[in-house]
Amino acid sequence: METRKPLVWVGSTLDDLRDFPAAAQRTLGYALHIAQLGRKHPDAKPLKGFGGAGVLEVVEDHDGDTYRLVYTVRLGERLYALHAFQKKSRRGTATPRKEMDLVRRRLQEAELIHEAWLKGRSTK
């Protein structure tokens, strides 16, 4: 049996994902499950601007709309889901600046959550 990394939802990511159509939820949820097992879903790609493959994005097209989920595997034993959003811009495939800024803030929040978790583990 494979070991699954715990999944930590940052900010409103879980609620945002729950607002997606069921088919998009299944695909993106499965991508997180695969990441929890230490593997990479075929549709998961490094998000540009974060230096390597530590922050990944999964894109799911459904009924003419595009849904995205961003998560990080760079924090050791835990997986952090950082952002889930519907891309509304019809210009290009780049992630909008507003969304990138939110991912950066949530990555910082995830790092703080992870530090606190590590500190709590070391005091037991």
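The radius of gyration is taken here over C-alpha atoms, and the globule rule against which it is compared is 2.2 Å times the number of residues to the power 0.38. For the 124 residues of the chain, a compact globule would have a radius of gyration near 14 Å, and the chain, with 14 Å, agrees with this. The structure is a predicted model, in which local features need pLDDT of at least 70 and side-chain atom pairs count only at pLDDT 80 or more, while totals for chains, interfaces and linings use all residues. Residues are numbered from 1 along each chain as its sequence is written, and side-chain values use heavy atoms, with hydrogens and water left out.

The chain contains 3 helices and 5 strands, taken as DSSP runs (H or I, at least four residues, for helices; E, at least two, for strands) numbered from the N terminus. From that terminus on, the elements follow the order β-α-α-β-β-β-β-α.

The 5 strands form an open sheet of mixed pairing in the order S1-S5-S4-S3-S2, where two strands pair if DSSP finds at least two bridges between them. Strands S1 (7-9) and S2 (44-46) stand at the edges with a single partner strand each, so one side of each is left without a neighbour in the sheet. Strand S1 runs parallel to S5 (residues 79-87), to which 3 bridges join it, and Leu7 has Leu79 of S5 as its bridge partner.

Buried residues (under 20% relative accessible area, 1.4 Å probe, protein chains only) make up 40% of the 124 residues in the chain.

Terms used
Buried < 20%, exposed > 50% of the residue type's maximum accessible area, 1.4 Å probe, protein only.
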